Amino acid sequence: MNKTEYPNKTERLYDIKAAGSGAKTFVLWREVIMAYVSPAIMAGIGGLITADKGLQLAALTTIGGTSALIALMLGLWLRIRGGRKRWLVAAPHLVVVGLFALMGAMLGLCAAWATTNLLGIIIPIDNLVWIDRIWIDFPLSGVIASTIVTWRWRLAVKTNLSFQGRR
């Protein structure tokens with residue numbers, strides 16, 4: 001049988017379905033949940049293994065909370081402004097993720113500095129045991145959240161651009 005004489009009516013439907021099913025989308029609330037859960041679970045496991053109650057509590061509060069907050073802020077920025085920045089899409093994947101991880105660490109250090117200074121004004125720091133922990137928790141959470149969100153955003157952008165080029 002000649003294919004031009006008897007075209008397959010479902011052929012076009014399968015092509016559209018196959019192209020659309022592989023396209024990844026960047027859903028911010030999923031990324032924020034992942035940014036909260038992944039470091040919180042790892043820190044919680046570390047707290048259980050070392051029997052450190054402070055680390056177990058920090059896993060749910062300062063570590064997970066900071067990761068979720070940074071993921072939300074970075075995810076919003078990437079959704080609104082990220083696509084307009086040509087270098088974010090054109091630069092190599094690891095370079096972009098590395099730069100954002102470094103920026104996440106810097107943001108975490110700035111947040112730790114601001115938190116200790118503001119709480120030092122309001123409450124005597126001697127009464128707060130967990131304040132020493134945020135110098136590690138905030139930058140580490142910033143690196144983890146920035147890496148997760150940037151990696152997944154970049155994959156979604158590259159995948160969607162490659163599918164748009166095929167049409």
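Guide: Let us begin with Thr66, which is buried, with a relative accessible area of 12%. Please bear in mind throughout that this is a predicted model.

Visitor: Where is Thr66 found?
Guide: Thr66 is found in helix 3.

Visitor: And which residues is Thr66 in contact with, leaving aside its neighbours within four places in sequence?
Guide: Thr66 is then in contact with Thr61, Phe138 and Ser141.

Visitor: Let us stay with helix 3. How far apart are its end C-alpha atoms?
Guide: The end C-alpha atoms of helix 3 are 39 Å apart. The helix covers residues 53-80, which is 28 residues, and at 1.5 Å a residue it should span 40 Å, so the two values agree.

Visitor: Where is the kink in helix 3 centred?
Guide: The kink is centred on Ala59 and amounts to about 55 degrees.

Visitor: What happens at the start of helix 3?
Guide: There, Asp52 places a side-chain oxygen within 3.1 Å of the backbone nitrogen of Gly54.

Visitor: What about Gln56: which residues is it in contact with beyond four places in sequence?
Guide: Gln56, which also has its place in helix 3, is in contact with Gly44, Gly47 and Leu48 once neighbours within four places are set aside. From C-alpha to C-alpha, Gln56 and Gly44 are 4.9 Å apart in space, although 12 residues separate them in sequence.

Visitor: How accessible is Gln56?
Guide: Gln56 has a relative accessible area of 22% and is partly exposed. The cut-off for buried is under 20%, so Gln56 at 22% does not count as buried.

Visitor: Changing topic, how many aromatic pairs does the structure hold?
Guide: The structure holds 2 aromatic pairs. In one of them, the rings of Trp77 and Phe100 have centres 6.1 Å apart and planes at 50 degrees, so this pair is tilted.

Visitor: Which parts does that pair tie together?
Guide: Trp77 lies in helix 3 and Phe100 in helix 5 (residues 93-122), so the pair ties together parts 23 residues apart in sequence.

Visitor: Are those two residues buried or exposed?
Guide: Phe100 is buried, with a relative accessible area of 4%, whereas Trp77 is partly exposed at 33%.

Visitor: Which residues form the aromatic pair that is stacked?
Guide: Trp87 and Phe100 form the stacked pair, at 6.5 Å centre to centre and with 10 degrees between the planes. Because Trp87 lies in helix 4 (residues 86-90) and Phe100 in helix 5, this pair ties together parts 13 residues apart in sequence. Trp87 is partly exposed, with a relative accessible area of 42%. Together, Trp77, Trp87 and Phe100 form one aromatic cluster.

Visitor: Now the whole chain, please. How many helices and strands are there?
Guide: The chain has 6 helices and 0 strands. Of its 167 residues, 35% count as buried. Among contacts with a separation of 6 or more, 74% come from residues 24 or more positions apart.

Visitor: Where is the confidence lowest, and where is it highest?
Guide: Confidence is lowest in helix 1 (residues 11-21), with a mean pLDDT of 44, and highest in helix 2 (residues 28-50), with 91. The average over the chain is 81, and 78% of the residues score at least 70.

Visitor: And how many contacts beyond four places in sequence does the model have for residues 10-20?
Guide: The model has 2 such contacts for residues 10-20, a stretch over which pLDDT stays under 50.

How values were computed: Residues numbered from 1 in each chain as written. Predicted model: local features only at pLDDT ≥ 70, side-chain atom pairs only at ≥ 80, totals over all residues. Heavy atoms only, no water. Helix = DSSP H or I, 4+ residues; strand = E, 2+ residues; numbered from the N terminus. Expected span 1.5 Å × (residues − 1). Bend = angle between axes of the 7 residues up to and from the residue. Polar contact = N/O pair within 3.5 Å; in protein donor to acceptor, adjacent residues only side chain to side chain. pLDDT = per-residue confidence, 0-100. Contact = heavy atoms within 4.5 Å. Phe/Tyr/Trp six-rings, centres within 6.5 Å; stacked < 30°, edge-to-face > 60°. Buried < 20%, exposed > 50% of the residue type's maximum accessible area, 1.4 Å probe, protein only.
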